[in-house]
Amino acid sequence: AIAMIIVAGMMRHVFSMASITEVSKGLLSGVGIGLFFISPWIMINNAYGDRPFKLTLIDCGYAIIGCGIMGLVLTAL
């Protein structure tokens, strides 16, 4: 939970600096952060740990959906 608060705080900072205020742009930006920043990091960590690729897909899906929701909520407030 603490890590998610840290991610949301940084996303809020990035959104503020980029003037992202619309809900649709917040959702898209959140999904982009999950897809292009967090998911590759998860893939690297899981590959080095020799974990199953299905687990990687599940973990990446969680990150993408979670960041999308965070972006949606941050711009809706």
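Modeller: Start with the word contact: it means heavy atoms within 4.5 Å. Helices are DSSP runs of H or I with at least four residues, strands are runs of E with at least two, and both are numbered from the N terminus. The model is predicted, with local features needing pLDDT of at least 70 and side-chain atom pairs counting only at pLDDT 80 or more, while totals for chains, interfaces and linings use all residues. Residues are numbered from 1 along each chain as its sequence is written, and side-chain values use heavy atoms, with hydrogens and water left out.

The part to look at is where helix 1 meets helix 3. From helix 1 come M4, V7, A8, M11, R12 and F15. Facing them in helix 3 are Y62, C67, M70, G71, L74 and T75. Sorted by class, this contact holds nine nonpolar, two polar and one charged residues. Nonpolar here covers Ala, Val, Leu, Ile, Met, Phe, Trp, Tyr, Cys and Pro; charged covers Asp, Glu, Lys and Arg; the others, Gly among them, are polar.

Now the geometry. Two packed helices are described by the angle between their axes and the distance between the axes. An axis is a line fitted to C-alpha atoms, for helices over the stretch in contact, and angles run from 0 to 180 degrees between N-to-C directions. Helix 1 and helix 3 cross at roughly 55°, and their axes come within 10 Å. Helix 1 is therefore oblique to helix 3. The classes are: under 35 degrees roughly parallel, over 145 roughly antiparallel, 65 to 115 roughly perpendicular, and the rest oblique. The crossing of helix 1 with helix 3 is right-handed.

Zoom in on F15, in helix 1. F15 is buried, at 1% relative accessibility. Buried means under 20% relative accessible area, exposed over 50%, and partly exposed in between, with a 1.4 Å probe and protein chains only. F15 and G32 are 17 residues apart in sequence, with C-alpha atoms 12 Å apart.

M17 and G32 lie 15 residues apart in sequence and 16 Å apart in space, C-alpha to C-alpha.

S19 has a positive phi, near 55°, although the residue is not glycine. S19 counts as exposed, with a relative accessible area of 58%.

Helix 2 is the other partner of helix 3. Helix 2 covers residues 23–48 and helix 3 covers residues 53–76. They pack at about 150°, with axes 7 Å apart. So helix 2 runs roughly antiparallel to helix 3. Their crossing is right-handed. This contact has 15 nonpolar, nine polar and one charged residues. K25 lies in helix 2 and is partly exposed at 46%. From K25 to I58 is 33 residues in sequence and 25 Å in space, C-alpha to C-alpha.

Between helix 2 and helix 3 is a loop that holds D50 and R51. D50 is not glycine, yet its phi is positive, near 55°. At 70% relative accessibility, D50 is exposed. R51 is partly exposed at 47%. Beyond residues up to four places away, R51 touches N45 and N46.

Last, step back. The protein has three helices and zero strands, in the order α-α-α. Its C-alpha atoms fill a box of roughly 40 × 20 × 20 Å along the principal axes. Of its 77 residues, 29% count as buried. The accessible surface is about 5,400 Å², and 75% of that belongs to carbon and sulfur atoms. Areas come from the Shrake-Rupley method with a 1.4 Å probe; for residues, only the protein chains shown count as cover. Among contacts with a separation of 6 or more, 68% join residues 24 or more positions apart.

Note on methods: Left-handed = near helix turned anticlockwise from the far one by under 90°.
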